[in-house]
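Dear colleague,

I am handing over the structure we spoke about, and below it you will find my notes on what came out of it. Please read them with the model open beside you.

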Protein chains: 2
Amino acid sequence: MGTRVAILGLGIIGSSLGLALTQDTGIEVAGYDRDSETMEKALQMGAVKWTGSLQKLSAWADCIFLCTPINTLADIARQAAQFCRKGCLLTDVGSTKQDIVRVFDELAEMGLRGVGGHPMAGSERQGITGADRYLFENAVYVLTPGCNTPRSAVEELSLLLRPTGAHIITMDAEKHDRLVAMVSHLPHLVASALVSMLEGQDEAMTLAAGGFRDTTRVASGDPELWTQILLSNRRLLAEQLEAFMEELTRLKDILQAHRSLELHEFLRTARAIREAMPSKRRGLSLAEQELVCIVPDQPGIIGALGSYLGEKGINIADIEILRVREGDGGTIRIGLSREEDGPTAVATLQSRGIKAWLR
Amino acid sequence: MGTRVAILGLGIIGSSLGLALTQDTGIEVAGYDRDSETMEKALQMGAVKWTGSLQKLSAWADCIFLCTPINTLADIARQAAQFCRKGCLLTDVGSTKQDIVRVFDELAEMGLRGVGGHPMAGSERQGITGADRYLFENAVYVLTPGCNTPRSAVEELSLLLRPTGAHIITMDAEKHDRLVAMVSHLPHLVASALVSMLEGQDEAMTLAAGGFRDTTRVASGDPELWTQILLSNRRLLAEQLEAFMEELTRLKDILQAHRSLELHEFLRTARAIREAMPSKRRGLSLAEQELVCIVPDQPGIIGALGSYLGEKGINIADIEILRVREGDGGTIRIGLSREEDGPTAVATLQSRGIKAWLR
């Protein structure tokens, strides 16, 4: 019998975690959700082996993942603690960590070993229909031990999370919360504020191009979920907001005084910082070389394209349809795993009458 | 002999415009760029039929597109005007419109017909290597006539732009500049400011997930280009920045006072506004149905996938590799042009042993 993992809450995070962990035959995953249909779906897709009540699961488990909304975590932790076996590993997946780690530290007195957790992976999709076995692949997964957490607990949890393919890092809960205020909560608030400027401005919406949509994508997040997340980090978030407004005030002065060198320096630095960020990897298979081709718009064309390259042993790491014009043609961007395949790929496609070039 | 179009400046906009306009056999496109290699490339890719000096092109053309950097537009317009034939149509592709429209109004005295223009399409790529015949397809293209612009000029230009597939709208230059301050320039400044908060914060960068990258994507834009754009609209941009900071101050108060209902209402409204925005169409061929499948990671798999669906006459409108794990498998999202193809597509893939489901 393997490690017994109970997942409480089978939304996108809980169910994706289930799908990932069940890849390891040494782990048995059981799940609970207050919605019985969700439990049924989790069984069907194989995210959990069986389902049961919170009480039953808590008493059975070696490790409990709390995957319910952030404002319910403290309650669910305390409920689960009533039934847990001594030494049970308790962890959560909430977006802020100070509050729950404080609860874990309390519960340590009952013999539980609590470790805060925050898998930094998500999707616009919510609930179990967004479940994806690879959701955590290469994502950062932060563990935040409390004052009463034994070091062994962090090690055990890291080992257990191996099948997720996540990149585990450990830090203090307050530090975590300050950093996510900076990279997640402030950007969310700012994106929502940018969108709210467009209220009643229909013509502005017509002019909003792809850049605006990208900048404000996170504003489409669930308001209920984000109200709880932002409030749970309100002190540190307000501090970041204050610093951000100081920067905007400085920029306004630069603009009004037409200080072009300073503006240029600001934009140049921002770009350099962004370019230095770890790149967005979709998997271990990175695109080393990009090519673009123009193909006729007809059923099976993407298949044909892939076959031509596949026959030559060329692997497509990424593919994106840039534009399609029905009855005419489309522009497709293809990312190749190996840079050296570039010229062969272009030659192969051109020999089939497809206009192609390297980018 | 068709309409003679001269494109001055063969960067991404100028060369893409050339590629699009040459689709119309009734249009002859000639181009000029101060970089001779760029002119050579434009000839090679068929973006222009021939190249020549600014003087020669201006004297020859029925219509001149000014596609040089925004801070050079007024100068280039005046240079071209010295050689233009009477009644020549003069337009530009700059991101702000008040300044150039003022220049066009001056030049009207010389018999030129000027119309400001702003195709709201772009790419992170710059220069002629980013050229794409479909760049303007379904993009908004704003025309801003001046006080001295005859109505016929706007009509002629709209007709001429038809091969681009852009959605032409007409408005006053000041209104245009106010709206782009709101949907483009302010978001750019804000995204850059968000990135600049991370200066020297290596751990914050590690935690920056996809949401942060989306929110700040525009901050990777060319600093030189954006310095000029932002400065050219500094008065209206400073006004928007002021209004934006007022909103942030209000949000800070809401957070600090833990006013959860107001925060929820703010986030709910922002999401509703964003969802009401015209959706991001990549072409006329919209994905009506999405399916997700898990495939083994091997050369030619995307080809196989496309072939299986193509054999059934099912058209792929969009395809995206969500995640790939080398030697294991990948998750692929496929957008289908017709909703009714969904079930057949899933059945087809499943019969080939590929796990697939509708989203």
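Predicted model: local features only at pLDDT ≥ 70, side-chain atom pairs only at ≥ 80, totals over all residues.

How many residues does the contact take from chain A, and how many from chain B?

The contact between the chains

The contact takes 111 residues from chain A and 113 residues from chain B. On the side of chain A that touches chain B, helix α7 (residues 173–196) of chain A gives the most, with 15 residues, and the residues of that side as a whole divide into 58 nonpolar, 27 polar and 26 charged. Of the interface residues of chain A, 99% are also interface residues in chain B, so the copies meet through the same surface.

Chain A as a whole

The secondary structure of chain A comes to 14 helices and twelve strands, and the C-alpha atoms of the chain fill a box of roughly 70 × 60 × 40 Å along the principal axes. Of the 359 residues in chain A, 52% are buried. If one takes the contacts in chain A between residues at least 6 apart in sequence, 71% of them join residues at least 24 apart.

The domain assignment divides chain A into domain 1 (3–171), domain 2 (176–275) and domain 3 (289–358), and the centres of domain 1 and domain 3 of chain A, taken over C-alpha atoms, are separated by 42 Å.

The eight-stranded sheet

In chain A, eight strands form an open sheet with mixed pairing, in the order β3-β2-β1-β4-β5-β6-β7-β8. Strands β3 (50–51) and β8 (167–170) of chain A stand at the edges with a single partner strand each, so one side of each is left without a neighbour in the sheet. Within this sheet, strand β1 (residues 3–8) of chain A runs parallel to strand β2 (residues 27–32) of chain A and is joined to it by six bridges, with I7(A) standing opposite G31(A) in β2(A).

In chain B, an open sheet of eight strands likewise has the order β3-β2-β1-β4-β5-β6-β7-β8. There, β4(B) and β5(B) run parallel and are joined by four bridges, and F65(B) has T91(B) in β5(B) as its bridge partner.

A helix with two faces

Helix α4 (residues 73–83) of chain B has the buried residues L73(B), I76(B), A77(B), A80(B) and A81(B). They cover an arc of only 140° around the axis, which puts them on the same side of α4(B). What covers these buried residues includes β1 (3–8), α3 (54–60), β4 (63–66), β5 (89–92) and α5 (98–107) of chain B, whereas the face of α4(B) turned away from its buried side carries the exposed residues D75(B) and Q82(B).

Places where the chains pack together

Helix α10 (residues 223–232) of chain A is mostly covered, seven of its ten residues being buried; among them are W226(A), I229(A) and L230(A). The buried residues of α10(A) pack against α5 (98–107), α7 and α11 (234–256) of chain A, together with α11 (234–256) and α12 (260–275) of chain B.

A residue of chain A that touches chain B is L267(A), which is found in helix α12 (residues 260–275) of chain A. With 24 C-beta neighbours inside 10 Å, L267(A) counts as buried, the cut-off being 20 or more. Leaving aside residues up to four places away in sequence, L267(A) touches S192(B), P223(B), W226(B) and T227(B).

A strand with two faces

Strand β9 (residues 289–295) of chain B has a covered face, made of Q289(B), L291(B), C293(B) and V295(B), and an uncovered one, made of E290(B), V292(B) and I294(B). In a regular strand the side chains alternate between the two faces of the sheet. β9(B) pairs with strand β12 (residues 355–358) of chain B in the antiparallel sense over four bridges, and V292(B) stands opposite W357(B) in β12(B).

With best wishes

How values were computed
Residues numbered from 1 in each chain as written. Chains lettered and ligands numbered in written order. Contact = placed C-beta atoms within 7 Å. Domains from an automatic or database assignment. Nonpolar A, V, L, I, M, F, W, Y, C, P; charged D, E, K, R; others polar. Buried ≥ 20, exposed ≤ 12 C-beta atoms within 10 Å, placed from the backbone. Arc of directions from axis to C-beta. Pairing = 2+ DSSP bridges.
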